[in-house]
Amino acid sequence: MLKLSKVFGIVSSVAAFALFVPNFLQARPSIKQFNSQQEAIFEFLADDMEYSQSQVIGKGHATVINLDYFVTANEATYDTQSGEITLSGNVNAYKGNALYLKAQKIKIKMQQDYSFLEPFYLQDSMSGLWVDAKSAQYDKNVYQTEDTTISTCSVNNPIWQLKASKSQYDVNEEWLSVWNPRLCIYDMPVLYFPYLSFSLGYKRKSGLLYPEIGNSKDDGFLYSQPIFIAPQEEWDMTFAPQIRTKRGAGFYNEFRIIDDRDEMLWANFGYFGDTDSYQRTYDLENQAHFGFQLKSLRSYLS
């Protein structure tokens, strides 16, 4: 999300002049970068700036600003030849008025839309989900992290947390994938998965929903896996196949559609087939069971 790389124009360095501005003007040394419309899309400020060949070193309240974010740190170094800027010491990145990520060191390759962060902390202000990692790389809107911890609880003492060997977060798709995650209650592992992948955004996406698991004396072990399908904004559906080990198998399907006047239509259909032994044991008249439901809702009066 740190889009500091899309630079199209010329570089205007005013730091050399600012170093000699009298203190009573309270001006901070800065470097600005403009696009072809002469809009400032990148600005580098600090209390003091030093020059060493091709490097500009900012010390004290170093700040990097672009159109979407601003990043603060104790110190920053800008290499004018490679286009790489390194921020270190209490690095905080803000999006709007909210803290977006924290790290001790960030390296940003501006021309390549690439950055390296160590250690790494990312938090979504809406959901409260946070990601803490030993290190992270950011390339083309994708974060890749190592030794990752994920939770929505308190950062200081989370009740639950996912600990993974590595993870990948696609900013555009709002999709998080984790490898070798272990679900921990406090610090005690309780479940292990080789791989998990899920959405962090609020936009509808096709994928698996939470499964339903149960057990009963008559039906045996129950497992139902809902599948959410949302190819368009106007409609979606949930298809939920299920199996009952002592009884049989079936599915339930819910179809939903909405028009431009917010009128909604539901069409639900279900089927379940009993095994021969189950039908004989319970003396059932029908081995196959069907159901259909149709309903509508509208918020206006015609």
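Colleague: Where is L200 found?
Modeller: This is a predicted model: local features need pLDDT of at least 70, side-chain atom pairs need pLDDT 80 or more, and totals for chains, interfaces and linings use all residues. Residues are numbered from 1 along each chain as its sequence is written, and side-chain values use heavy atoms, without hydrogens or water. Strands are DSSP runs of E (at least two residues) and helices runs of H or I (at least four), numbered from the N terminus. L200 sits in the loop between β16 (195-199) and β17 (207-208).

Colleague: Which residues does L200 touch, not counting those up to four places away in sequence?
Modeller: Contact means heavy atoms within 4.5 Å. The residues touched by L200 are L129, Y169, E174 and L176.

Colleague: Is Q161 buried or exposed?
Modeller: Buried means under 20% relative accessible area, exposed over 50%, and partly exposed in between, using a 1.4 Å probe and protein chains only. Q161 belongs to strand β12 (residues 160-170). Its relative accessibility is 7%, so Q161 counts as buried.

Colleague: With which side chain does the side chain of Q161 make a polar contact?
Modeller: A polar contact is a pair of N or O atoms within 3.5 Å; within protein, one must be able to donate a hydrogen and the other to accept it, and residues adjacent in sequence count only if both atoms are side-chain atoms. Beyond its neighbours within four places, Q161 is in contact with residues including T149, R182, Y186 and D187. The polar contact, at 3.4 Å, is with the side chain of D187.

Colleague: How many bridges join strand β22 to strand β23?
Modeller: Two strands pair if DSSP finds at least two bridges between them. β22 (residues 248-258) and β23 (residues 264-274) run antiparallel. They form a hairpin with 5 residues between them, and D262 in the turn has a positive phi of about 65 degrees. F255 is bridged to A267 in β23, and the number of bridges joining the two strands is 11.

Colleague: What is the bridge partner of L265 in β24?
Modeller: β23 also runs antiparallel to strand β24 (residues 288-297), with 10 bridges between them. In β24, L265 is paired with S296.

Colleague: How far apart are the closest N and O atoms of R256 and D236?
Modeller: The two form a salt bridge (a side-chain nitrogen of Lys or Arg within 4 Å of a carboxyl oxygen of Asp or Glu). R256 lies in strand β22 and D236 in strand β21 (residues 235-244), so the pair ties together parts that are 20 residues apart in sequence. Both residues are buried. Their closest N and O atoms are separated by 2.6 Å.

Colleague: Which residues are linked with D219 in a network of salt bridges?
Modeller: R247 forms a salt bridge with D274, at 2.7 Å between the closest N and O atoms. R247 lies in the loop between β21 and β22 and D274 in strand β23, so this pair ties together parts that are 27 residues apart in sequence. R247 and D274 are both buried. Linked with D219 in the network are R244, R247 and D274.

Colleague: What share of the residues in the chain is buried?
Modeller: The chain holds 2 helices and 24 strands. Of its 302 residues, the buried share is 37%.
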